[in-house]
Amino acid sequence: MAAAAAAATSTSTTLIRKPSSISPLPISKITLPFAFNPKKPRSLHISNSRSKPASASSTTASPGTTEKFSFSRFSPDQPRKGADILVEALEREGVKDVFAYPGGASMEIHQALTRSGIIRNVLPRHEQGGVFAAEGYARSSGLPGVCIATSGPGATNLVSGLADALLDSVPLVAITGQVPRRMIGTDAFQETPIVEVTRSITKHNYLVLDVDDIPRIVREAFFLATSGRPGPVLIDIPKDIQQQLAVPNWDVPMKLPGYLSRLPKNPNELHLEQILRLISESKKPVLYVGGGCLNSSEELRRFVELTGIPVASTLMGLGAFPVGDELSLQMLGMHGTVYANYAVDKSDLLLAFGVRFDDRVTGKLESFASRAKIVHIDIDSAEIGKNKQPHVSVCGDVKVALQGINKILESGGAKWKVDFRAWREELNEQKVNNPLSFKTFGEAIPPQYAIQVLEELTDGNAIVSTGVGQHQMWAAQFYKYKRPRQWLTSGGLGAMGFGLPAAIGAAVANPDAIVVDIDGDGSFIMNVQELATIRVENLPVKIMLLNNQHLGMVVQWEDRFYKANRAHTYLGDPSNESEIFPNMLKFADACGIPAARVTRKDDLRAAIKKMLDTPGPYLLDVIVPHQEHVLPMIPSGGAFKDVITEGDGRRKY
């Protein structure tokens, strides 16, 4: 998975057999699951390794297999509806929870779900809420999330979530109902060509045109979603296929020869030793780790323990290495710490593991790590050299690569011994001189302080989801994440409305965890209807709403670059600006969820403690000033020398 986000190549397959009862249909194109885009090597490129093939089974495995499944509601030779075959196929993949909203073209699937004793449906109140909840489930557990919607508007309401999952490399299987086969292409009621609509925002997708293909397609979908660089896969199933009777064959093999041949291989030991030679020759190395390291946290921590190299994380990589560790530089990039960006700017070796050199990290590409040799390890070959040309690259699983590097270090003795104490002392001085900080104005509650208090009261152990905007950046800066999959946020797409439904998915996947949605008023209201789901399912989701009555991040840019001219960024009632509008407490009350509002800093700690101590869901409306700015800030397209560390909306620029 390539850190936070990049448009991984999408594929689309329409599978057609001619059923005896319908007329022939046109066969569509089948495209390769990876882009073939060879680049001419540049002179600074030392090596670009795609090492000797390993077996597909050594790289990834399908999350569920037929052998593990021991119960069926039907006798082996008993015909059953396609919808029942679909549901049993999901059961065989180990699915326990789905997020499904019914409609005319998916009713058969929902009827089949009621016959399952294994799968629980968590009913969202909007399909976008369902797909974001499935993402929260997947991001917090590492298991593939499953969402289901009907045809037409139900399917198109999944689009933002599918794009988000692709950009952030989240394993997701989305299932949509479709109009009957004979009506496809006739502009039938609630018909949209969702396979075509989602072709560029899914890793792969299917239109099922033979009921006998369902077992294989479901198995392939889960394998594709979870193997290599994870991502979303969509299965579109016409209603007549759902209704058709058939006896399933669970032993049909997958048909993915092209994809399997392109799965990442085990790295060559010579290339790993080449990386270690660069480390031994360097004086100022820095680790730049992203979402691709979430599954290799243990190996990453061991590597840092063996080398003493400081770690800077992307937004998506937070938690892969403990943020509170003395070797952590916290987040780098546009709103990263001064010392993380300083370290990258001054480094002579940049170890880029599971990242994609996103523009919000690099700023001006020519100035990013301009003094450093670059080592890039990533599972997606399309990311190698896409934005920044590495000196050494390995296309493979970061986990396997780190295991190999650690093994060499542990067995090499004095040969690979390194000492970066002088470099760490230089960075510690930067930490002292440029800490993350904020100002307090009277009784007003600084939003950063609210997150600090939450972090203290939860001992840094909560699963935190966010919307998108200033509150998202403050949650990234001021909460000290200890482990991977604690931090759930829409990174690449930046989808407002993500936080609340993502918290639902996290609470379903982690029933014993503290789950907190740190949200902004703009993001929260975009999926506020999911409060009903939280109440009905009695999910213990805590919502800490940082309410500044504005689109805070856009206001910050207005302050900095548009002379504070407000262009539709005020979300309150212009005719009565002294009142909080809308009254978020009434949304909670309408859904039977306890809620409170806090406006004074002195009352904040007790209010957050009450939120955490109250059983079940709770909404805390924290009123914060809209003049606050997220700092530090490197302006878009800027370099480290352009970093802004002072100021807010209380002064003019």
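Predicted model: local features only at pLDDT ≥ 70, side-chain atom pairs only at ≥ 80, totals over all residues.
**A strand enclosed on both faces**

Strands of a sheet pair through backbone hydrogen bonds, either parallel or antiparallel. Strand S11 (residues 285-289) runs parallel to S14 and is joined to it by five bridges, and within this pairing Val289 has Phe353 of S14 as its bridge partner. Strand S15 (residues 373-378) also pairs with S14 in the parallel sense, again over five bridges, and here Leu351 stands opposite Val375 of S15.

**An open sheet of six strands**

Elsewhere in the model, six strands form an open sheet in the order S18-S17-S19-S20-S22-S21, and the pairing is parallel. Strand S18 (487-488) and strand S21 (595-598) stand at the edges with a single partner strand each, so one side of each is left without a neighbour in the sheet. Within the sheet, strand S20 (residues 541-547) and strand S22 (residues 618-623) pair in the parallel sense over six bridges, and the partner of Lys542 in S22 is Tyr618.

**A helix with a buried side and an exposed side**

Helix H16 covers residues 421-433, and at 1.5 Å a residue its 13 residues should span 18 Å, which agrees with the 18 Å between its end C-alpha atoms. Which residues of H16 are buried? They are Trp423, Leu427 and Gln430, and because they cover an arc of only 50° around the axis, they lie on the same side of H16. An α-helix has 3.6 residues a turn, so residues three or four places apart point the same way. On the other side of H16, the residues Arg421, Ala422, Glu425 and Val432 are exposed.

**The largest pocket**

Rolling a probe the size of a water molecule over the atoms shows where empty space is left. The largest pocket holds about 810 Å³ of space. It is lined by 44 residues, of which Arg360, Val468, Gly469, Gln472 and Met473 are the closest to its centre. At least two lining residues come from each of helix H14 (359-362), helix H18 (470-478), helix H20 (521-526) and helix H22 (552-561), and H18 gives the largest share, with five residues. By residue type, the lining of the largest pocket divides into 22 nonpolar, 17 polar and five charged residues.

Most residues other than glycine have a negative phi, and most peptide bonds are trans. The table lists sites where the backbone departs from this pattern.

| Site | Backbone feature | Angle |
|---|---|---|
| Phe581 to Pro582 | cis peptide bond | omega near -10° |
| Leu631 to Pro632 | cis peptide bond | omega about 0° |
| Ala369 | positive phi | phi about 50° |
| Gln549 | positive phi | phi about 65° |

Pro582 is found in the loop between H22 and helix H23 (584-590), while Pro632 belongs to the segment after S22. Ala369 lies in the loop between H14 and S15, and this residue is buried, with a relative accessible area of 3%. Gln549 is in the loop between S20 and H22, and at a relative accessible area of 8% Gln549 is buried as well.

**A buried tyrosine**

The C-alpha atom of Tyr206 is separated by 7.7 Å from that of Ile217, although the two residues are 11 residues apart along the chain.

Definitions and conventions: Residues numbered from 1 in each chain as written. Heavy atoms only, no water. Pairing = 2+ DSSP bridges. Helix = DSSP H or I, 4+ residues; strand = E, 2+ residues; numbered from the N terminus. 1 Å grid on protein atoms, 1.4 Å probe; cavity = no way out; pocket = protein on both sides within 12 Å on 5 of 7 lines; lining within 4 Å. Points joined across faces, edges and corners; volume = space filled by probe spheres on them. Nonpolar A, V, L, I, M, F, W, Y, C, P; charged D, E, K, R; others polar. Expected span 1.5 Å × (residues − 1). Buried < 20%, exposed > 50% of the residue type's maximum accessible area, 1.4 Å probe, protein only. Arc of directions from axis to C-beta.
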